[in-house]
Amino acid sequence: MNHWLFKSEPDSWSWEKQKAKGAAGQEWDGVRNYQARNFMRTMQVGERGFFYHSNDGKAVVGIVEVSAACHPDSTSDDPAWECVDLRALADMPRPVTLDAIKAEPACRDMVLVKNSRLSVQPVSRAEFEHICRMGGLEPASVG
DNA sequence: GCCAACGTTGGC
DNA sequence: GCCAACGTTGGC
């Protein structure tokens, strides 16, 4: 079971919108980066990840679950672009800000910190659990 | 709004 | 296959 982080600008696709989709989930479309796509290709249904607000927000705001495996991105004519579907699973009781993550030695090596531009990225189990706790979630309840 | 970091494109 | 030019992302 791998863990992930999905970035979105709240102006274009917010956590509120994601939650509004409910159990039906939503295609994580629009990714036009090979590294990010390659990570999505390896994802399995049921894997969990963070929903991160970039730019305006800069915080992990919720937990999502992969609800459909990688498939062609319906918003692209180019078959090279694929994506998974995600559904909202839980709110972060307290959003975990980028500042807080950067200040945390256990999160020093996160891709979020080291390569701020990658929009879909892996998160280690230890990092996942750590950030859950920082946000007021028991990892076992969402991991 | 600026700009550093990074990815992609295209000429050679 | 190299690399300069360009476009985009996202933190600040």
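Two residues are in contact if their C-beta atoms, placed from the backbone, lie within 7 Å. Residues 24 or more positions apart account for 69% of the contacts in chain A with a separation of 6 or more.

## Model and numbering

This is a predicted model: local features need pLDDT of at least 70, side-chain atom pairs count only at pLDDT 80 or more, and totals for chains, interfaces and linings use all residues. Residues are numbered from 1 along each chain as its sequence is written, while chains are lettered from A and ligands numbered from 1 in the order in which they are written.

## Overall fold

Chain A has six helices and six strands. These are DSSP runs, numbered from the N terminus: H or I over at least four residues for helices, E over at least two for strands. The order from the N terminus is β-α-β-α-β-β-β-α-α-β-α-α. The radius of gyration, taken over C-alpha atoms, is 14 Å for chain A, close to the 15 Å that the globule rule gives for 143 residues, so the chain is as compact as a globular protein of that length. That rule is 2.2 Å times the number of residues to the power 0.38. The C-alpha trace spans about 40 × 30 × 30 Å along its principal axes.

An unreviewed UniProt entry lists residues 2-134 as "domain: EVE". UniProt positions are given here in the numbering of this model, feature names are shortened, and annotations may be inferred rather than shown by experiment. Over residues 2-134 the chain is 26% helix and 36% strand. The end C-alpha atoms of that stretch are 20 Å apart.

## Core

Of the 143 residues of chain A, 34% count as buried. Buried requires 20 or more other C-beta atoms within 10 Å of a residue's own; exposed means 12 or fewer, and partly exposed lies in between, with C-beta atoms placed from the backbone. A nonpolar core is a set of buried Ala, Val, Leu, Ile, Met, Phe, Trp, Tyr and Cys residues joined through C-beta atoms within 7 Å. The largest such core has 34 residues, and F6, F50, V60 and I131 have the most contacts inside it. At least two core residues come from each of β1 (3-8), α2 (34-42), β3, β4, β5, β6 (120-123) and α5 (125-134).

Beyond its neighbours within four places in sequence, I131 is in contact with F50, V60, V96, I101 and C107. A88 sits in strand β5 (residues 82-97). A88 counts as buried because it has 23 C-beta neighbours inside 10 Å. Outside four places in sequence, A88 is in contact with Q18, K19, K21, G62 and V64.

## DNA surfaces

A residue is near a strand if its C-beta atom, placed from the backbone, lies within 6 Å of it. N33, Y34, Q35, N115 and R117 are around DNA strand B. By class, this surface has one nonpolar, three polar and one charged residues. Ala, Val, Leu, Ile, Met, Phe, Trp, Tyr, Cys and Pro count as nonpolar, Asp, Glu, Lys and Arg as charged, and the others, Gly among them, as polar.

Around DNA strand C are K7, E9, S54, N55, K58, L98, S116, R117 and S119. Here the classes are one nonpolar, four polar and four charged.

## The β3–β4 loop

N55 lies in the loop between β3 (48-53) and β4 (59-72). N55 is exposed, with 11 other C-beta atoms within 10 Å. Its phi is positive, about 60°, although N55 is not a glycine. K58 is in the loop between β3 and β4. K58 is partly exposed, with 16 other C-beta atoms within 10 Å. K58 has a positive phi of about 45° and is not a glycine.
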